[in-house]
Amino acid sequence: METFIHQIMAGIATGGIYAALALALVMIYQSTHHINFAQGEIAMFATYLAWLLIQAGVPYWLAFFCTIAIAFLLGVMIQRLVIRPVEKAPVLNVVVVFIGLMITINSLAGWFFGFTIKSFPSPFPSHPPFGSSYVSSHELGSISVTLALLITLFLFFRYTSLGLAMRAAAQNPESSRLVGIRVGWMLALGWGLAAGIGAVAGMMVAPVVFLDPNMMSGVLLYAFAAALLGGIDSPGGAVIGGMVVGVLENLLGAYVIGTELKLTVAMLLIITVLVIRPSGFFGKVIVSRV
Amino acid sequence: MSILLDIQHLNANYGATQVLFDLNLQIHEGGITTLLGANGAGKTTTLRAVSQMVSTTGTILLGGIQIDSLATEDIVRHGVAHVPDGRGTFTALTTEENLRLGSYTRTSKAEINADLEKMFTYFPRLKERKDQQAGTLSGGEQQMLAIARALMLRPRLLLLDEPSFGLAPLIVREIFQIMSAINQSDRVTILLVEQNAALALDLADHAYLLEAGRLVMSGSAQELQNDPAIRRSYLGD
């Protein structure tokens, strides 16, 4: 029983990370109808920057927030310099740009930081909280951090006029321009936020999966599964999807298929959702006349 | 009366297709001007040209300031509110959020909240539907919402594209009454595009007639109402 509960808690902890990354995917999908394949690599690169800062002696939480800010700026820059020129291009061109971006960032990270695996510190104590054996301190801390992140994002989008403008720009660019919203910048801001969210996910998952240029490939796959499960156009669905995928992955890994085959769970989920319910559990069903 | 909007030698085109040819229009401050014409005459395009949503050549002056080289979102900042054809509702947002977006470029929270209340007195039905998703509103309600959203800018110039489109006559009359009241009380200059010429000429004090992208007639609303050719072609006599 004890291990079972621990597996679930660990699942929620990694699930929160998948949820954050899935949310970043959904945010960009909602405003541009593109899946950002480079989302995971941006998160990985940001985590390396955090590692650099921590190596240089910057206290963890200062490094944490600096990294989010740098990732935000990187996201805005990528949108302005790389994505905007192909904004109106056919979807396949955009996909190729995303894949190119993914490979470029991955290689750059390898070039700057090397391909050897590094350990990444957790800001939380190594002994379990309250002497509990159900959950580790990092798991509990990671759950709290992602929860705080999700609540902050919710409040931002729901209650600030900038958040409202971003939602408006994603939905109806033409009407948004007619009320004075600078739609292009809202897209860039969305990329910045998505990169910032990814950075948090990267820093929370790095102590578990260790730091290397390919650390996010598995995580991104689970995030895809989470986003699809919840509905690719539903932010709330992405969060719930992330939690479900995290728990499912852990339980199946521990009791059914073993850790070696865990990643197949994500693939299986993606295929099952696409076959049975392509709009996901919370997504809108879109019918179009052809 | 001074001229608020001055359009000189305006040409507009969608890609290779030219839609407006050497248009000259003057809109007087504080009045209601209507732009009449059949389908495809270029009425909507004229409004879109003012908001720079089509590529144009020629000069457009708003209160003496040249706006034809500005981006759409900057023209809004000069006080031009545009209710587009199809109403441009943010369907997934609530009614109140739609209204608040109208005042996006304004800064004073107190004034915005006061104007929001004012819109709810103009359009009590919007107040009832305040927290409802705007896409679930009826056509008439969405048209009211579109006009109220535009007014939330406190515009100098209100561009209205076919507010009567697809609505029941009773609702149309209600909306036109409210527009007339708003023009009187807030001194908002209105440029109204309408297919329903009888209705538009009743409301407006000045009118222009477009045919195939060219201006063919202009005058006071009364003059056009009494013109035999207009009566035959547009008023159904």
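Colleague: Which residue of β7(B) stands opposite Ala81(B)?

Modeller: Leu158(B) stands there. Keep in mind that this is a predicted model. One residue along, His82(B) has Leu159(B) as its bridge partner in β7(B).

Colleague: What makes β6(B) and β7 (157-161) of chain B a strand pair?

Modeller: The bridge count does. DSSP must find at least two bridges for a pair. β6(B) and β7(B) have four, in the parallel sense. The strands therefore count as paired.

Colleague: Why is β6(B) called an edge strand?

Modeller: Take the strand order. The sheet is open, with six strands in the order β6-β7-β8-β3-β9-β10 of chain B. Its pairing is mixed. β6 (80-83) and β10 (214-220) of chain B each have a single partner strand, so one side of each lacks a neighbour in the sheet. From one strand to the next, the twist averages 15 degrees.

Colleague: What makes you say that both faces of β6(B) are covered?

Modeller: Look at the two sides in turn. Val80(B) and His82(B) are buried on one side. Ala81(B) and Val83(B) are buried on the other. In a regular strand, side chains alternate between the two faces of the sheet.

Colleague: Which helix lies across β6 and β7 of chain B?

Modeller: Helix α6 (139-151) of chain B does. Its direction makes about 170 degrees with β6(B).

Colleague: Why is Thr34(B) called buried?

Modeller: Burial needs 20 or more other C-beta atoms within 10 Å. Thr34(B) has 25, so it is buried. This residue sits in β3 (32-37) of chain B. Beyond neighbours within four places in sequence, Thr34(B) contacts Leu192(B), Glu194(B), Ala200(B), Leu201(B), Ala204(B) and Ala207(B).

Colleague: What are the separations of Thr34(B) and Leu203(B), in sequence and in space?

Modeller: They are 169 residues apart in sequence. Their C-alpha atoms are 8.6 Å apart.

Colleague: How many bridges join β4(B) to β5(B)?

Modeller: Two bridges join β4 (55-62) of chain B to β5(B). The cut-off is at least two, so the strands pair. Leu62(B) stands opposite Ile65(B) in β5(B).

Colleague: Turn to chain A. How do you know that the length of α8(A) agrees with its residue count?

Modeller: Compare two spans. At 1.5 Å a residue, its 27 residues should span 39 Å. The end C-alpha atoms are 38 Å apart, which agrees. Just after α8(A), Phe210(A) has a positive phi of about 70 degrees.

Colleague: What makes you call α8(A) largely enclosed?

Modeller: The burial count. Of its 27 residues, 21 are buried, so the rest of the structure largely encloses α8(A).

Colleague: What is the crossing of α2(A) and α8(A) like, and which residues of α2(A) make the contact?

Modeller: The axes of α2 (39-55) of chain A and α8(A) come within 7 Å and cross at roughly 65 degrees. The crossing is right-handed. α2(A) contributes Gln39(A), Ile42(A), Ala43(A), Met44(A), Ala46(A), Thr47(A) and Ala50(A). Residues from α8(A) include Gly198(A), Gly202(A) and Met203(A). By class, the contact has eleven nonpolar, four polar and no charged residues.

Colleague: How do α1(A) and α10(A) pack?

Modeller: α1(A) and α10 (235-256) of chain A pack at about 145 degrees, axes 6 Å apart. This crossing is right-handed. The contact has 16 nonpolar residues, nine polar and one charged.

Colleague: What covers the buried residues of α6(A)?

Modeller: The cover includes α1 (2-32), α5 (137-159), α7 (173-178) and α8 (183-209) of chain A, together with α3 of chain B. Among the buried residues of α6 (161-171) of chain A are Leu164(A), Met166(A) and Arg167(A).

Colleague: How many residues of each chain are in contact with the other chain?

Modeller: 17 residues of chain B contact 15 of chain A. α2 (72-77) and α3 (95-102) of chain B each supply at least two residues of the chain B side. That side has seven nonpolar, six polar and four charged residues.

Methods
Residues are numbered from 1 along each chain as its sequence is written. Chains are lettered from A and ligands numbered from 1 in the order in which they are written. This is a predicted model: local features need pLDDT of at least 70, side-chain atom pairs count only at pLDDT 80 or more; totals for chains, interfaces and linings use all residues. Two residues are in contact if their C-beta atoms, placed from the backbone, lie within 7 Å. Ala, Val, Leu, Ile, Met, Phe, Trp, Tyr, Cys and Pro count as nonpolar, Asp, Glu, Lys and Arg as charged, and the others, Gly among them, as polar. A residue is buried if 20 or more other C-beta atoms lie within 10 Å of its own, exposed if 12 or fewer, and partly exposed in between; C-beta atoms are placed from the backbone. Axes are lines fitted to C-alpha atoms, for helices over the stretch in contact, and angles run from 0 to 180 degrees between N-to-C directions. A crossing is left-handed if the near helix is turned anticlockwise from the far one by less than a right angle, and right-handed if clockwise. The expected span of a helix is 1.5 Å times one less than its number of residues.
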